[in-house]
Amino acid sequence: MTTGDSEQIYAAVRDRYASAARATTSIACCGQAGTPTGVVSRALYEKDETDALPSDAVAASLGCGNPTMLADLQPGEVVLDLGSGGGIDVLLSARRVGPTGMAYGLDMTPEMLDLARKNQAEAGLTNVEFLQGTIEDIPLGDGTVDVVISNCVVNLSPDKDAVLREAFRVLKPGGRLAIADIALRRTLSEPTRELVGLWTACAAGALVVEEYEAKLRSAGFESVSIEPTRMFEDDDIVGLAAELSVGEDLPENIDREALMTELSGSVMSAFVRGQKPQ
Ligand SMILES: C[S@@+](CC[C@H](N)C(=O)[O-])C[C@H]1O[C@@H](n2cnc3c(N)ncnc32)[C@H](O)[C@@H]1O
């Protein structure tokens, strides 16, 4: 399979996250679900944030940052989380915006939506709605959202331009984009980018920082910034590869050592910001 085929990327991503939702101990993107202690997903949230959430919402956390902290959410705001997974950031957002606000989660994987809705019921939050759909075609109206957040999902999309265009469309004038994502310091080689396992693991589909900034601007965003929060090097990459089983089924043209060297120092977690003009 090559990553040039969008339908196959969607299917591979959906499969990976469906199994992550079914068994939170399975290997999944951006770390190891079950306990948020994987190389990428560990220690993203403060204890007082996670203590107030259902344990399954915390266990299903597969992000690479804490976008709710980045977004400076205010009471009464409407928030949309792109690729909401088990719902951790939607539930945190719902608490931050309070009963006069609203938090939407959007995800394409039915198993993740089931898990998120179960977590919502357990949290007892009513200002939350989980929507099924793709982040490339957001099922909300124009200018309806104050803040778009996302946690380690945009890199998974085969059509980042569509995602950013849609995020811009649903934002109100002056609305903010505040997302955590994986970004790259340099372009990965073509054979590496074609590793579907590495794509669903949030690395192969990631954008190089300058390309990401250019796409944000061409979608219409201003005040664009990409702030690295964590660089993955040496032991991180080896640990990440082990968690993600990268290397078990590598094609013959990929040397595992060379792949680790290529990834080390190339892959980072980052905060990505932008604003829709007033
Ligand atoms: C790495 S997980 C992150 C989940 C969540 N944001 C978190 O921090 O725990 C990626 C999630 O995005 C969803 N996803 C990936 N690509 C998507 C797309 N194109 N449209 C909608 N959902 C998508 C997957 O189903 C999965 O639940």
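**Strand E4 and its neighbours**

Tutor: E4 and strand E5 (residues 128-132) pair in the parallel sense over five bridges. This is a predicted model: local features need pLDDT of at least 70, side-chain atom pairs count only at pLDDT 80 or more, and totals for chains, interfaces and linings use all residues. Residues are numbered from 1 along each chain as its sequence is written.

Student: What makes E4 and E5 a pair?

Tutor: Two strands pair if DSSP finds at least two bridges between them. E4 and E5 have five, so they pair. Strands are DSSP runs of E, at least two residues, and helices are runs of H or I, at least four, numbered from the N terminus.

Student: What lies on the other pairing, between strand E3 and E4?

Tutor: E3 (residues 78-82) pairs with E4 in the parallel sense, also over five bridges. Val79 stands opposite Ala103 in E4. The chain runs from E3 through H5 to E4, a right-handed β-α-β crossover.

Student: Why is a crossover called right-handed?

Tutor: Because, with the strands pointing away from the viewer, the path from the first strand over the helix to the second runs clockwise. E4, helix H6 (residues 110-123) and E5 also make a right-handed β-α-β unit.

Student: How do you know that E4 (residues 102-107) is mostly covered?

Tutor: A residue is buried if 20 or more other C-beta atoms, placed from the backbone, lie within 10 Å of its own, exposed if 12 or fewer, and partly exposed in between. Six of the six residues in E4 are buried. Met102, Tyr104 and Leu106 cover one side; Ala103, Gly105 and Asp107 the other.
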